[in-house]
Amino acid sequence: MAEAQAPQRGGNAEDVSAERLAEIGLRHEVDGEIATITLDRPEKRNAQTFATWSALARIGESLPEQVRVVVVKGEGPSFSAGIDLRMFTPEGVPGQGSFSSAAATDGEAFEQRIRQAQDGFLWLRRPEIVSIAAVQGHAIGAGFQLALACDLRIVADDITFCMKEPALGLVPDLTGTKPLVELVGLAKAIDICLTARNVYAEEAMRIGLAEQVVAGGDLDKTVQNKIAELLSTNRDAAAATKRLLQGARARTLEEQSAAEGREQAKRIKALFGPR
Ligand code: ACO
């Protein structure tokens, strides 16, 4: 995956007050080195809106420095049913407009709005954190893309991934196309997106969309075990290694070897240099 170009930390934590998040249908809890973001509108299958995405971006901006692992999960039977379908109606989502109202604005303004929405997804690739999507039930459209925005996907055996956008006349635009191609290859990504077909757990595991498939009841425990494994390594070495891995595809072997040397020299200085 290309190196992350995500907005940096340092935002205003007040923007992500629990009350405001609850209105949007999100929860955000930080416990030491672990942050958990929960899509919390189960009665609407955790459908997402522009407010969801800007809140996600603000959570990323205000993430405390000590956080090393971010878990993204969904309350209820489904991880997320994707974009709130009210966007397709003339009335739209109260306070957030509709696709019809967006179509009436100039293209550039809407493109800008999409870029802002993408900020909610991009920060999950930062080198200094590892993000884990804990997925059960449906992860459709924006839900699938949110799972793709995370570094790892641990899934329940009842999952359905579906890139529904092309069936609705849209393209996947929430940063999901690049990780999808990188994970499954171009041919399989074309197959999945241009048919908008369902991908179930067995296939997700086989083609690299999931790191682990477990029984639904074991999802939380499996995620906790993975977090413990991730936290067992050195924080700075983990961030440097993620930077290396993220940049590997775009570099030649020679460039990558040089990058390894640079990172290692920094590690050795930090570990053994004069204090
Ligand atoms: N937007 C708004 N409301 C939704 C959405 C959505 N994307 N998905 C489900 N809901 C609502 C339903 O309208 C229903 O509300 P109601 O109880 O007031 O009638 C409630 O959530 C439960 O939905 P069900 O369909 O009854 O739940 P079920 O578990 O049987 O099915 C499923 C879940 C398969 C996810 C189904 O709801 C569905 O297909 N949703 C639409 C998926 C979709 O097309 N998303 C857009 C993808 S494209 C993109 O994200 C850019």
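Entry 1: I began in the loop between strand 2 (34–39) and helix 2 (50–61), where Arg 45 is found. The model is a predicted one, so I keep in mind that local features are read only where pLDDT is at least 70. I looked up phi for Arg 45 and found it near 55°, a positive value in a residue other than glycine. Most residues other than glycine have a negative phi, so I made a note of this one. Asn 46 sits in the loop between strand 2 and helix 2 too, and its phi is also positive, at about 55°, although it is not a glycine.

**Entry 2: helix 5.** Next I checked cover along helix 5 (residues 142–149). How many of its eight residues are buried? I counted eight of eight, so I wrote helix 5 down as mostly covered. The buried residues of helix 5 include Phe 144, Gln 145, Leu 146 and Leu 148, and Gly 143 is on the list with Ala 142, Ala 147 and Ala 149.

**Entry 3: two helices packing.** Two packed helices are described by the angle between their axes and the distance between the axes, so I looked up both. Helix 6 (177–184) packs against helix 7 (residues 186–195) at an angle of about 125°, and the axes are 7 Å apart. That angle makes helix 6 oblique to helix 7. As for handedness, the crossing of helix 6 past helix 7 is right-handed.

**Entry 4: a nonpolar patch.** Which residues make the nonpolar surface patch of about 340 Å²? My list reads Leu 85, Phe 88, Leu 168 and Leu 170. I followed up on Leu 168, which I found in the loop between strand 7 (160–162) and helix 6. Leu 168 has a relative accessible area of 40%, so it is partly exposed; a patch residue needs over 30%.

**Entry 5: one last distance.** Leu 219 lies in helix 9 (residues 219–231). With a relative accessible area of 6%, Leu 219 is buried. I then took the C-alpha separation from Leu 219 to Leu 85, one of the patch residues, and got 28 Å for a pair 134 residues apart along the chain.

Notes: Residues are numbered from 1 along each chain as its sequence is written. This is a predicted model: local features need pLDDT of at least 70, side-chain atom pairs count only at pLDDT 80 or more; totals for chains, interfaces and linings use all residues. Side-chain values use heavy atoms; hydrogens and water are left out. Patches are made of residues with over 30% relative accessible area and no salt bridge: like charges are joined within 9 Å, nonpolar side chains (Val, Leu, Ile, Met, Phe, Trp, Tyr) within 5 Å. Accessible areas come from the Shrake-Rupley method with a 1.4 Å probe; for residues, only the protein chains shown count as cover. A salt bridge is a side-chain nitrogen of Lys or Arg within 4 Å of a carboxyl oxygen of Asp or Glu. Helices (H or I, at least four residues) and strands (E, at least two) are DSSP runs, numbered from the N terminus. Buried means under 20% relative accessible area, exposed over 50%, partly exposed in between (1.4 Å probe, protein chains only). Axes are lines fitted to C-alpha atoms, for helices over the stretch in contact, and angles run from 0 to 180 degrees between N-to-C directions. Angles under 35 degrees count as roughly parallel, over 145 as roughly antiparallel, 65 to 115 as roughly perpendicular and the rest as oblique. A crossing is left-handed if the near helix is turned anticlockwise from the far one by less than a right angle, and right-handed if clockwise.
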